[in-house]
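User: I am new to reading protein models. Could we go through some features one by one?

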Amino acid sequence: MSRNKGSFSFKSNFLSRPILAGVFSFVFLFLLGFFLLFQSYQIIRESEAREMINVMDLVEKNLNNSLKDSYSVALSMGLIIDDEGNIRDFEQYAPLLLEQYPVIDVVQMVPGGVIRKVYPYQANKAVIGYDILKDPKTRKEALKAIDVGKMYFAGPFDLLQGGTAVVGRLPVFKNNKFWGFSAVIIKLESLLEQAELNKLAGEKYIFQFSKINPESNEEQFFLQNDLDIEYNISETILLPDGDWKFYIALKNPKEAFYELIPMAFFILLIASWLGWVVTLLFKQPIRLQALVNSQAGELAASELKFRTIFNQAAVGMVRVETATGKFLETNQRFRELSGYSASELNGMNFREISHPSEINENLALIQQLLNGDIREYSLEKRLIQKSGNVLWVKLSVSPLWKKDTSGSTHIAIIEDISERVVAQNELMKNEKRYRALVENGGEVVTIFNRKGQAIYSSPAIQKIAGYSEAEINSVNLSSLIHPKDIAELDKQILEAMKFPSKPISGFTIRAKNKKGEWRWAESTITNLLEDSSVKGFVGNFRDVSEKKEAEINLNKSYQMVMEQNRRLLNFSYIVSHNLRSHSSNIQAILNLYNTTSVEEEKLNYIGLLSKVGNALNHTLEDLNEVVSISTNLDLNIESLQINAFLNKTIDLLEMQISDKGAIIKRDVPDEMIVKFNAAYLESVLLNFRTNAIRYREQKRKLEISILGYKENGDWILEIADNGVGIDLERHGGKIFGLYKTFTQTPNSRGVGLFITRNQIEAMGGSVAVESEVGVGSVFKIYFK
Amino acid sequence: MKKSICVIDDDMIYQMIIKKIIERTAQFETIKFYNDGIYALEDFKDLDVVLPELILLDINMPQMDGWQFLESLIEHRPTFKNETIIYIVTSSIANSDREKANSFDEISGFLSKPVSVDCLEKIIKEHR
């Protein structure tokens, strides 16, 4: 580099100093531009000068024309002088001449220097008799005309008759003797007009017109303008006929200069821009050089980085000759994984340390890589360590050749995944185990959505409920739930909605199996709607029908036993109370009997004793009836139509009903058929209606309405009256008790309702009452 | 001094018997009978009515039993405890009845039927 520096000094100088190059370019271009500009300025100047010369030529020609005309007129005038020196027919010729030469304003005849004739006369008569040779103002120029012997123009000067004009005087000689002058006067305006000065001047030029004053010998200027002779002067012409000098100059001599100013700016701009471009251009190689340097540095750094990564990586890395499978380079981690040293691995083929099961797959992938079908691949395979142990690794391969070029070597990354594989196998085993549990367990597991549609059902459903998974998925689950349990299920689902992922358990519902049997299912519902892997409710249902039925039976038995017990207790109380009242009476009477000696009194006690006997008998009859109801377990139970029995009892009570004018309303469907003992049913219906008649409100007409309907699948018979009613607050607990009466009605013994209730309960039904004093009572019989 | 006694019981035979027994004690000038608690209450709730010195009250009665009668009377005549002595006289031997009787301050004793002359005399003595 340093050797070449000298020979490349100029170039390298500019290459290394782009700004200098830029400035240089700028100055060069600027100077070049201005040189060209100056040239064009010169050209403009020259063309202007040429144009001015042309203009002045025209002016000169025009002026000479005027002067020639004046000369012609003056000569013509000279001809009208006869040999005697007399002026003839001046008045005749003058107008003709003026008409022919319009530039001439006035003609004069001046014999001997005195103006004798003038035309037009009227405007100029003031000059008649004026001696021009005597007046010093005119004398000099007049004499000059005589002196030169030809026409000489005096002036411009102010005329006696007004205005500024030039006077051309032609000396006329008669017989070689000076006669006088033939003069023409041209007004200055006319002269200038004739020269077409105004027309030629236009916007561009100005003219000046001067003469050396014959008296003062000073140059006198006649046109009013600011032409500065010293500065603006450009072209002049001299007219010897009047010693006149004409000047022409540019009105705006700097115009051409101004016109070039934008151009100058443009040149400046272009030069600057080009200078800048040159700077940039020269900078480019420097920038490129910097880029090359930095990239070379980066390359070195990334090479180092790659080396470091390769050697220090926590994963095994090898570089392999793709075609042969030979290891070219291996890193530390790979040597650890394989158990081989670097020298051992050198020249070894990857096949030697691969498990035979995956070799073919691996070779196929390498072939695809070589063919260019794939650009990378990864494979989970087993590596056989030096010790002979097998290690699960994940192999990731990337080729080290560019796309669409032939293969050379590739990089393989080897990760130890043995732990993951073991965990995965464990997971799979667990999964299988759970699946087996779910599929073979005694529990149906279903996943269902908000609408009750099953998304998944465990295969156990086939075994337990008889449905195939497809069948269960095609129906709404709620259609399989017992109508009486729907509410319970809804309640539990609501609870599950409230507490996502909390298992809601401990409830049992009935579900229909494929045979149409209702089976009890102990259920747990878990709301996993939010769980992305489930997105539904998980329902676990265990068939607990046997248990539940046993439980129900047990419960029924318990209820029955309790009821029996309650009735027995009640009965024993009745027995003890009612029988004891009689026995105590007997005891008391006997006591009184024994302690009296009065015979009459003794007879009295015997009579009393027989009364007790009667009462006791009555009581025993009542008790017998009760006992027979409570204990008679094998009564004949038939299906009985309520309406038929109502008809029968109405017949029985016909007398009483018509007697009291009672109204009986009946709304009982014919299909109301209950299982009951016929005698009991008759007794029950009779009793309620006898009661209604007996305890009627005297003040109003008795109305009995009998209503039969079904509630929750069971028949209910309602017997309502508008009778006196019962104060339930007071008697509610005892209303169906034995020997309880609630009115002061005679004949009421407190046996009827007791018997009725016992009869209903013996048939498995129940009875309830609603009543209000003074309004009426409603008895409801619930049939089983 | 002769006293008044009242028997509230629905058993007509018992009424006849107790009447004999009361007469034998010769301690009472007037004996009043009510067949049901409800009739007794009708009279006694009137504060102008002077209560008898002794009341023998049955428990089981068709319309208003002994307990209901006592509760209603307490309601209508809160201070009647100072005006009379009440004994429950019943054929019931149920322990529950005896316990319930003990829970009433207004009840002085619980007698099981039959009531003897001696028993009655003993009560009179106790409250002399």
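Analyst: We start with a stretch of chain A in this predicted model.

User: What name does UniProt give to residues 505-556 of chain A?

Analyst: An unreviewed UniProt entry lists residues 505-556 of chain A as "domain: PAC", and residues 377-429 carry that label too. Over residues 377-429 of chain A the content is 23% helix and 49% strand, with 28 Å between the end C-alpha atoms.

User: Which residues of chain A does UniProt list as "domain: PAS"?

Analyst: The unreviewed entry gives residues 302-373 and 430-500 of chain A. Residues 302-373 are 53% helix and 15% strand, and their end C-alpha atoms are 29 Å apart. Residues 430-500 of chain A are 55% helix and 14% strand, with the end C-alpha atoms 26 Å apart.

User: Where does UniProt place the feature "transmembrane region"?

Analyst: The unreviewed entry places it at residues 20-38 and 260-282 of chain A. Residues 20-38 of chain A are 100% helix and 0% strand, with 27 Å between the end C-alpha atoms. Residues 260-282 of chain A are also 100% helix and 0% strand, and there the end C-alpha atoms lie 32 Å apart.

User: Which domains does the domain assignment give for chain A?

Analyst: The assignment gives domain 1 (48-250), domain 2 (313-424), domain 3 (441-543), domain 4 (552-612) and domain 5 (632-782). Taken over C-alpha atoms, the centres of domain 2 and domain 3 of chain A are separated by 52 Å.

User: Next, sheets. How do I read the order of the strands in the five-strand sheet of chain B?

Analyst: The general idea comes before the case. Strands of a sheet pair through backbone hydrogen bonds, either parallel or antiparallel. In chain B, the order β2-β1-β3-β4-β5 describes an open sheet of five strands with parallel pairing.

User: Why is one side of β2 and of β5 of chain B left without a neighbour in the sheet?

Analyst: β2 (28-34) and β5 of chain B stand at the edges with a single partner strand each, so one side of each has no neighbour in the sheet. From one strand to the next, the twist averages 20°. For one pair in detail, take strand β1 (residues 3-8) of chain B, which pairs with β2(B) in the parallel sense over six bridges. Opposite C6(B) stands K32(B) in β2(B).

User: What is the strand order of the five-strand open sheet in chain A?

Analyst: The order in chain A is β21-β23-β24-β26-β25, and the pairing is mixed. Its edge strands are β21 (663-667) and β25 (766-772) of chain A, each pairing on one side only. The twist averages 15° from one strand to the next. β21(A) and strand β23 (residues 703-711) of chain A run parallel and are joined by five bridges. Within β23(A), S705(A) is the bridge partner of K665(A).

User: How many cavities of 30 Å³ or more does a search of the whole structure find?

Analyst: Again, the idea first. Rolling a probe the size of a water molecule over the atoms shows where empty space is left. Here the search finds two cavities of 30 Å³ or more. The largest cavity holds about 170 Å³ of space. It is lined by 18 residues, and those closest to its centre are F327(A), F350(A), K381(A), L395(A) and I414(A). Elements giving two or more residues to this lining are β10 (316-321), α13 (356-371), β12 (377-384), β13 (390-399) and β14 (409-416) of chain A. By class, the lining of the largest cavity has 14 nonpolar, three polar and one charged residues.

User: Which residues line the second largest cavity?

Analyst: Its lining consists of S584(A), N585(A), A588(A), Y14(B), I18(B), I21(B), K113(B), P114(B) and V115(B). Two or more residues come from α18 (545-594) of chain A and likewise from α1 (12-25) of chain B. The space in the second largest cavity is about 40 Å³. Six lining residues are nonpolar, two polar and one charged.

User: Which peptide bond at P114(B) is cis?

Analyst: The bond from K113(B) to P114(B) is cis, with omega near 0°. P114(B) sits in the loop between β5 (107-112) and α5 (117-126) of chain B. In chain A, the bond from Y119(A) to P120(A) is cis, with omega near 0°. P120(A) is in the loop between β2 (117-119) and α5 (121-124) of chain A.

Definitions and conventions. Residues are numbered from 1 along each chain as its sequence is written. Chains are lettered from A and ligands numbered from 1 in the order in which they are written. This is a predicted model: local features need pLDDT of at least 70, side-chain atom pairs count only at pLDDT 80 or more; totals for chains, interfaces and linings use all residues. Side-chain values use heavy atoms; hydrogens and water are left out. Domain bounds come from an automatic or database domain assignment. Two strands pair if DSSP finds at least two bridges between them. Helices (H or I, at least four residues) and strands (E, at least two) are DSSP runs, numbered from the N terminus. Axes are lines fitted to C-alpha atoms, for helices over the stretch in contact, and angles run from 0 to 180 degrees between N-to-C directions. UniProt positions are given in the numbering used here, feature names are shortened, and annotations may be inferred rather than shown by experiment. On a 1 Å grid over the protein atoms alone, a cavity is a set of points where a 1.4 Å probe fits but cannot get out, and a pocket is an open set with protein on both sides within 12 Å along at least five of seven lines; lining residues have an atom within 4 Å of a point. Grid points are joined across faces, edges and corners, and a volume is the space filled by probe spheres set on the points. Ala, Val, Leu, Ile, Met, Phe, Trp, Tyr, Cys and Pro count as nonpolar, Asp, Glu, Lys and Arg as charged, and the others, Gly among them, as polar.
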